[in-house]
Amino acid sequence: MKAFALTEKKEFMNLLLRSETFDNFLLCEASIHTAVRYEIDGRLNESFFSKDELSDQQLSGLTYMPYGRLRTTLFEMIKGRTTPTSFKFVLMLSPSNLENTIRASGTSVTQTDILAACLNILYQNGQLMLTTGVSYRTFIPDKSFEKEWEKFTINFLKRNSVVFSEI
């Protein structure tokens, strides 16, 4: 796990809430503290959709809702003159992106070994930070995929001109 301080808060928040930069991730959960506290469980409610809608909207086989489908709602909760006292977003790779990342990492882990590769975005006490994380199904002593996920995250941040420093 690596932690990064995101020093250009306004620019990062524009990427997070007003651009498609993070849209390929899934939203696992969100917590936003403004005048009230919002808790969002990103689990997809399949019974809300018909089978055709799930297929047409590319939601079949997903456990969590794509972040891009919720981004504008999250933006509406956060926008305003007063900064939230805190918020936390937990984003994770979609199954197809997890598979691609595992393949590109060149490690020996398989998709069945990993529950999730996550980005945790936390704002509190005026500080904005991002941490990486990997959740495994069983204990795996080889942490090479975690190291590769950290490198992928650093490259993703650099590619999107995010100003950060390692904590």
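The following questions and answers concern a predicted model of a protein.

Student: How many helices and strands does the protein have?
Tutor: Read along the sequence, the elements follow the pattern β-α-β-β-α-β-α-β-α-β-β-α-β. The secondary structure comes to five helices and eight strands.

Student: What is the radius of gyration of the protein, and what would a compact globule have?
Tutor: The C-alpha atoms fill a box of roughly 50 × 45 × 25 Å along the principal axes. For 167 residues, a compact globule would have a radius of gyration near 15 Å. The protein agrees with this, at 16 Å.

Student: Among contacts between residues at least 6 apart in sequence, what share joins residues at least 24 apart?
Tutor: A contact here means heavy atoms within 4.5 Å. Of the contacts between residues at least 6 apart, those joining residues at least 24 apart make up 65%.

Student: Where is Tyr64 found?
Tutor: Helix 2 covers 51-56 and strand 4 covers 65-66. Tyr64 is found in the loop between helix 2 and strand 4.

Student: Is Tyr64 buried or exposed?
Tutor: The relative accessible area of Tyr64 is 13%. Buried means under 20%, so Tyr64 counts as buried.

Notes: Residues are numbered from 1 along each chain as its sequence is written. This is a predicted model: local features need pLDDT of at least 70, side-chain atom pairs count only at pLDDT 80 or more; totals for chains, interfaces and linings use all residues. Side-chain values use heavy atoms; hydrogens and water are left out. Helices (H or I, at least four residues) and strands (E, at least two) are DSSP runs, numbered from the N terminus. The radius of gyration is taken over C-alpha atoms; the globule rule is 2.2 Å times the number of residues to the power 0.38. Buried means under 20% relative accessible area, exposed over 50%, partly exposed in between (1.4 Å probe, protein chains only).
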